[in-house]
Amino acid sequence: MSQGFNLFSQAGGLTYSTLDTTWFLLSTFLLAANTSTTRSYAIPNSGLIRVQVQMINTPPASTEDYAPIVSISGNSITVGPNSTGTSSASIITVLLSVGAG
Amino acid sequence: MSFGLQVNNASGSLLVSDVYETLHFLGKASYVSNDGGNCARFYGYNNEDPQNVLSGRVVYSFTIQSGTPPVVFIKPGNVAYGYGLLREYNSGSTWYFDVIQTGLVTTAIPSLYCFVNANVAELASTGGSYGLQVRGPDSRITFDSRFLPLALPSTGTSTVIVCPVDDNRGCPSITSGHSFRYSNLDWDFTSENKITTAPIAGGIAASNMMFSCPSLGQSVQRRVQNGYKKSCGLLGSPQHHYSTAQWWVIYRNVFRLQAGTFVSGWAPYQQSYQYWEKITESGGFLGISADSGDSSYVTGNTLPYLPKTINIDPNTFMIADALRY
């Protein structure tokens, strides 16, 4: 490489370098069924928030299993039930990319 | 910045920061078991109709120890099959995962790579004795090269096709006017071809890729055939005979990796066949009416909910190179 940095493991394998791209972890939390939350984060101007929703429960056999609806506005997110007023318990993972990646 | 550490990558994106926490490799979740497979055909429907075939699925279970919910990447056991993380739950610091796979092969066991922030206690024992560590103003570790930071060669957005069944007529329908006790499956409920694709950058071989994209989309579909006949009852009153045959499937969103392509499709999760019939009689002797009520001749599981497809908002996916971890 002509510039940048490489990080190697103790065994000598390349683990990370300036040719890589990543997203950062802003937070991860559990959201109970049928509840909502709004959270704000300090992020740079070039930051972009992404949210991953993961269901917690066994898919029910007798009802719709709605994932919470996520809306992102600038540096804040709102996660909560859909228009029917229901949502399944979920793990919410908030991620951040900064810059071109 | 006035102090601290910031590293940008070759494209100008933030790569290492003393403010934002990088995800690090916690380890592979331990494989526990599988459920033996399901959805090869309709439960309770034993006819040998050519359409009595489903695409099949297997659910695998895994576990890992972690102080926080891990971000999970699935490395397919076989890239010919679709996979999806159905659920993630915990009891204390023990986390459990259920992964659905298309098909009935129980040996294409995926690997689950788990990532957490560098402050999770379970990571402490995994590092070597040298490397680069970055701490934030509150002394929390934001980056530690010993714990294999997560690199994402590709990210994107995945969608699904709303109707999961392969039949070229679309989603199955309800039809009436059949003869009494008519029950003949005539709809293709397989779900191999209803896929969408998104590009994957980075040039990683499909066999080395892993993805993170929870399975949220689900769809219930059913075929119903209503039958009828009229007969003469006791004392000359007319009898009306009604029958209903119903086949239903609930599908879940799954994902497949191809070279340069992220494929989003469906897998059957549960299914059943149900059958009822009833007889009503009216206008007979003295005007007495009677209704036999519903009677089920085939034991079947109840339709989960009326047909619809839900959780179809675009879903963020992340791709990483499993060979690094």
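Biologist: Is B:A124 buried or exposed, and why?

Modeller: A residue counts as buried if 20 or more other C-beta atoms, placed from the backbone, lie within 10 Å of its own, as exposed if 12 or fewer do, and as partly exposed in between. B:A124 is exposed because 11 other C-beta atoms lie within 10 Å. This is a predicted model, in which local features need pLDDT of at least 70, side-chain atom pairs count only at pLDDT 80 or more, and totals for chains, interfaces and linings use all residues. Residues are numbered from 1 along each chain as its sequence is written, while chains are lettered from A and ligands numbered from 1 in the order in which they are written.

Biologist: Where does B:A124 lie in chain B?

Modeller: Strands are DSSP runs of E with at least two residues, helices are runs of H or I with at least four, and both are numbered from the N terminus. B:A124 lies in the loop between β9 (111-117) and β10 (133-135) of chain B, and its C-alpha is 9.7 Å from that of B:R146, although the two are 22 residues apart in sequence.

Biologist: What is the mean pLDDT of chain B?

Modeller: The predictor's confidence in each residue is its pLDDT, which runs from 0 to 100. For chain B the mean is 91, with 92% of the residues reaching 70 or more, and the model scores ipTM 0.95 and pTM 0.93.

Biologist: How many helices and strands does chain A have?

Modeller: Chain A has 0 helices and 8 strands. Its radius of gyration, taken over C-alpha atoms, is 18 Å, whereas a compact globule of 101 residues would have one near 13 Å, by a rule of 2.2 Å times the number of residues to the power 0.38. Along the principal axes, the C-alpha atoms of chain A fill a box of roughly 60 × 35 × 15 Å.

Biologist: Which residues point one way from β8(A), and which the other way?

Modeller: In a regular strand the side chains alternate between the two faces of the sheet. From β8(A), A:S90, A:I92, A:V94, A:L96 and A:V98 point one way, while A:I91, A:T93, A:L95 and A:S97 point the other way, and all are buried. Strand β8 (residues 90-98) of chain A is thus described as mostly covered, with 9 of its 9 residues buried, while in chain A as a whole buried residues make up 31% of the 101 residues.

Biologist: How many bridges join strand β5 (residues 47-55) of chain A to β8(A)?

Modeller: Two strands pair if DSSP finds at least two bridges between them. Here 9 bridges join β5(A) to β8(A), and the strands run antiparallel, with A:Q54 standing opposite A:I91. β3(A) and β8(A) also pair in the antiparallel sense, over 7 bridges, and there A:L31 has A:S90 as its bridge partner.

Biologist: How many residues does the contact take from chain B and from chain A?

Modeller: Two residues are in contact if their C-beta atoms, placed from the backbone, lie within 7 Å. The contact takes 46 residues from chain B and 40 residues from chain A, and on the side of chain B that touches chain A the largest share, 5 residues, comes from β7(B). Strand β3 (residues 24-31) of chain A pairs with β3(B) in the antiparallel sense over 2 bridges, and A:L25 stands opposite B:E21 in β3(B).
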